[in-house]
Amino acid sequence: MRIATWNVNSARARAERIGDWLDRSDIDVVAIQETKARDDQFPASVFTDRGYEVAHHGLSQWNGVAIASRVGLDDVRIGFPGQPGYGDPEEREARAIAATCAGVQVWSLYVPNGREVDHPHYAYKLRWLEALREAGAARLTEDPEAQIAYVGDFNIAPQDDDVWDMAAFEGLTHITEPERSAFQALIDAGFDEVVREHTPGPGVYTYWDYKGLAFPKRRGMRIDFVLASPALRARVTGASIDREERKGKGASDHAPVIVALDGADDRPVDRQKKQ
């Protein structure tokens, strides 16, 4: 089975590119972030016309997350226990959705950006990540054999190699010690990051700003990840970053990240025919 995560930076604006990518990528499950659409605006037919079931959670023109699967999509969950909101009054944003796909609980996560280090959104980001850690740790305590994938745009570069120039990010979010500690806390809770070992850096990124010719100049960041529970970690056979999808007119500023699992032939036969 092949699972992908992709911040598409507007599902409506990139509907055709998403469809073309699905046609050539042979992905079984794809977690989408930053759909920038309400549920009634989301282009679900891009997925359903290709044999995928799809679940989307979007509340406005911002944020938005989705999961599409051709190997089954069950037990859809919106948000995780304890997920905090933002604003006054506080509202829970569309940043987390989960579904069970061929026995794997896949979470599509769009972690808050943080904006600036002294901004309330930064404190919100850290609260959000701590709540995710608590929810994940509780789930693994309840069922240590659970197959869980936390995938998405984490808006954190955990290592210095994950940004093109550390000096360029001095005083900015994404690389601060509290953010990196929050990411490490997820790993300490039992969720291994499974992409890096198959795509070692430096110079390997998943995001490039639209400004300043960042992509051709290779000025990127690695901020999109797949974190796997121990039982799922044991099934990982490979991973890749589809950098080619960042090229060309109308590309997202993120590239898809793909993880391969063993046991692909275990998918139900009727779902396998949905190509």
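These legends accompany close-up views of a predicted model.

**View 1. An open sheet of 6 strands.** Reading across this sheet, the strand order is β5-β6-β7-β8-β12-β9, and the pairing is mixed. Look to the edges for β5 (74-78) and β9 (192-193): each has a single partner strand, so one side of each is left without a neighbour in the sheet. As a reminder, strands of a sheet pair through backbone hydrogen bonds, either parallel or antiparallel.

**View 2. The pairing of β6 with β7.** Here we move in on strand β6, residues 96-101, and strand β7, residues 104-110. The two run antiparallel and are joined by 6 bridges.

View 3. Residues 120-142 make up helix α3, which lies across β6, β7 and β8. Relative to β8 (148-153), the helix runs at about 165 degrees.

View 4. Rolling a probe the size of a water molecule over the atoms shows where empty space is left. Searching the whole structure turns up 1 cavity of 30 Å³ or more, and the volume of the largest cavity is about 30 Å³. Its lining consists of Ile3, Ala149, Val194, Val226, Ala228, Leu232, Val236, Val259 and Leu261. Which strands each supply at least two residues of this lining? They are β12 (224-228) and β14 (257-261).

Notes
Residues are numbered from 1 along each chain as its sequence is written. This is a predicted model: local features need pLDDT of at least 70, side-chain atom pairs count only at pLDDT 80 or more; totals for chains, interfaces and linings use all residues. Side-chain values use heavy atoms; hydrogens and water are left out. On a 1 Å grid over the protein atoms alone, a cavity is a set of points where a 1.4 Å probe fits but cannot get out, and a pocket is an open set with protein on both sides within 12 Å along at least five of seven lines; lining residues have an atom within 4 Å of a point. Grid points are joined across faces, edges and corners, and a volume is the space filled by probe spheres set on the points. Helices (H or I, at least four residues) and strands (E, at least two) are DSSP runs, numbered from the N terminus. Two strands pair if DSSP finds at least two bridges between them. Contact means heavy atoms within 4.5 Å. Axes are lines fitted to C-alpha atoms, for helices over the stretch in contact, and angles run from 0 to 180 degrees between N-to-C directions.
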